[in-house]
Amino acid sequence: MIFRAPTYYRDFRCIAGDCRDSCCKGWEIDIDEDTARYYAGVGGEFGERLRSSIRDGSFLLTEDERCPFLNKSGLCDIYTELGGDKPCRICSDHPRYFEWFGSVKEGGVGLCCEAAAELIVSRPFALCEEEVSDETASGEYDEELFSMLIAAREEMFAALADEELSLRESLCRVLDIAEEMQLCIDMPFPDSEEEAPAGEALRGAFDLLSELEPIDEKWQPYIAECSAKLSCSPTPNSGTEPVLRRLGSYFIFRYLLKAVFDGEVLSRAKFAVFSLIVLDRLFRIQGCSDISDCADIAKNYSKETEYCEENMEELLYRLGVDKEFSLRSLKALLACISGGNMDEF
């Protein structure tokens, strides 16, 4: 089996107690069956502590929504007491993600982790492959469609990497490739033929984010504050363009091939473009001047969108039916990504 991943995947290291936004806080932590069986047999006081901290297949979070095994040093008591291979699967894998396509396995590290976000925004995007032992594939798919999606994705990567094109031109090209691919596979897809003014579309993007189920209680007030500054946000810092191109490749890599299971090519490309439009505006409003600032904002955005299944479903749906996010509207809105205030468009 071939395992394909971004080159930075192999360089990821959890920063454990140095993490400012621990994945052991605020998340429901499900325990896989194999680990649950192991925990059931652990003896002594620690075994009792384990079993009393589990209910309905998940750890019981504390009142401040911390994992009960996250200690004051920001480290995991299960790891230190039982060994590095004893945390449950979700804890061992996070923020890594995987997808299986027959004899191909793809994976990467998710943007919602601050250490992973630093890698994603700071490294040029490139893929590497290696042979791994065979693993069970998830679901059947059309091999011809898969090959077509691979080719389309490579074209998108090339457009995002082409610095002779403006970022706006690169992203318009990504949308064109997705539309061509969607038409080619002859599957109906929702897309409004209307076009919303760029100012209306940008406000619509922030309104949509404010309507999603919040993961962090600070998110909605933050989005509301940024939304109030849309009409007076400064021109972009040229240093953020490489960051946005790398983030675009991250979103395309992680999501586009999933269309082999449901035919939803365009909505996933739209999500990538929508995300870059929002992140560009957040970078500008926050006055991002270095990689770490960009990584932090991108991490928070990812946490509130990618890491809530209901929010992703709502985003993909609304990107298909709302006139603010039609192909015509998104392409018009991309004029804002090149500079200028919203009221100028």
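**A charged pocket lining and a set of ring pairs**

Helix α13 gives the most to the lining of the second largest pocket, supplying 7 residues. The model is a predicted one, and this pocket has a volume of about 630 Å³. Of its 24 lining residues, Asp21, Asp216, Lys218, Asn300 and Lys303 are the closest to the centre. Two or more lining residues come from each of α9 (219–227), α12 (265–286) and α13 (291–305). Sorted by class, the lining of the second largest pocket holds 13 charged residues, along with 7 nonpolar and 4 polar ones.

Next come the aromatic rings. Searching the whole structure turns up 19 aromatic pairs. In one of them, Phe98 and Trp100 have ring centres 6.1 Å apart and planes at 45°, so this pair is tilted. Phe98 itself is partly exposed, at a relative accessible area of 23%. With Phe101 and Phe261, the centres are 5.8 Å apart and the planes sit at 10°, under the 30 degrees that count as stacked, so that pair is stacked. Phe101 belongs to strand β4 (residues 96–101) and Phe261 to helix α11 (residues 259–262), so their pairing ties together parts 160 residues apart in sequence.

Elsewhere, ring pairs join Tyr38, Tyr39, Phe46, Phe59 and Phe69 into a cluster. Tyr38 also has a charge over its ring: the charged end of Lys86 sits there, 5.5 Å from the ring centre.

Notes
Residues numbered from 1 in each chain as written. Predicted model: local features only at pLDDT ≥ 70, side-chain atom pairs only at ≥ 80, totals over all residues. Heavy atoms only, no water. 1 Å grid on protein atoms, 1.4 Å probe; cavity = no way out; pocket = protein on both sides within 12 Å on 5 of 7 lines; lining within 4 Å. Points joined across faces, edges and corners; volume = space filled by probe spheres on them. Helix = DSSP H or I, 4+ residues; strand = E, 2+ residues; numbered from the N terminus. Nonpolar A, V, L, I, M, F, W, Y, C, P; charged D, E, K, R; others polar. Phe/Tyr/Trp six-rings, centres within 6.5 Å; stacked < 30°, edge-to-face > 60°. Buried < 20%, exposed > 50% of the residue type's maximum accessible area, 1.4 Å probe, protein only. Lys NZ or Arg CZ within 6 Å of the ring centre and 35° of its normal.
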